[in-house]
Amino acid sequence: MKMVVAVIRPEQLPAVKDALFEADFINLTASSVMGTAPKTEQQMFRGVRREVTLFRRVRVEVAVKDALVERAIEAITRGAKETGGWGHIFVTEISEVVKIWTGERGPRAL
C-alpha cells in the first residue's frame, strides 16, 4: 500500500479532483497548507508593501494499493497540467491501514 501525496496550487484542485474521480479514486483528502517557492513576491496588504515568502497550496492525499500507484500519479498529473502544470507528487509506503468501523486491516481496508 502506498500514500500518494500531491502539493498543488489551490486553483488546480477541481481539475485534479475530477481526474482522480474519473480514474476511480473517490476517497481522497485535501487540506490547505503553506509552502515556500524559489522566488518571493511583493504584495500590498492594508497599504503596506510586503515580501511574501509563503504561498497557499493544497495537499491532496490518496491511499492506494501498490498496483494502482501509476494510475493515481497519471490522474493527478493530467488534472494538474490542465491548470498550469505546477506541483509535486510524493509516494510513500503505508505500513498498516485499519478501517475503524469494520476492523479490516491491510489492503482490504482501502
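Trainee: What makes strand 2 and strand 3 count as paired in this predicted model?

Mentor: Strand 2 (residues 29-45) and strand 3 are joined by 13 bridges and run antiparallel. Pairing requires at least two bridges between two strands, so with 13 bridges strand 2 and strand 3 count as paired.

Trainee: Which residue stands opposite methionine 44?

Mentor: Arginine 49 in strand 3 stands opposite methionine 44. Strand 2 and strand 3 form a hairpin with two residues between them. In the turn, arginine 46 has a positive phi of about 55 degrees.

Trainee: How do you know that strand 1 pairs with strand 3?

Mentor: Seven bridges link strand 1 (residues 2-8) with strand 3 (residues 48-64), in the antiparallel sense. The requirement is at least two, so strand 1 and strand 3 are paired. Valine 7, for instance, has arginine 59 in strand 3 as its bridge partner.

Trainee: How much of the chain is buried?

Mentor: Of its 110 residues, 29% count as buried. The chain exposes about 7,500 Å², and carbon and sulfur atoms supply 52% of that area.

Trainee: Why is arginine 78 called partly exposed?

Mentor: Its relative accessibility is 39%. Buried means under 20% and exposed means over 50%. The value for arginine 78 lies in between, so arginine 78 counts as partly exposed.

Trainee: Where is arginine 78 found, and which residues is it in contact with beyond its neighbours within four places in sequence?

Mentor: Arginine 78 is in helix 2 (residues 69-82). Leaving those neighbours aside, arginine 78 is in contact with Ala19 and Glu22. Contact means heavy atoms within 4.5 Å. Arginine 78 and lysine 2 are 76 residues apart in sequence, with their C-alpha atoms 20 Å apart in space.

Trainee: What share of the contacts with a separation of 6 or more joins residues 24 or more positions apart?

Mentor: Such residues account for 69% of those contacts in the chain.

Definitions and conventions
Residues numbered from 1 in each chain as written. Predicted model: local features only at pLDDT ≥ 70, side-chain atom pairs only at ≥ 80, totals over all residues. Heavy atoms only, no water. Buried < 20%, exposed > 50% of the residue type's maximum accessible area, 1.4 Å probe, protein only. Areas by Shrake-Rupley, 256 points an atom, 1.4 Å probe, with all protein chains shown as cover.
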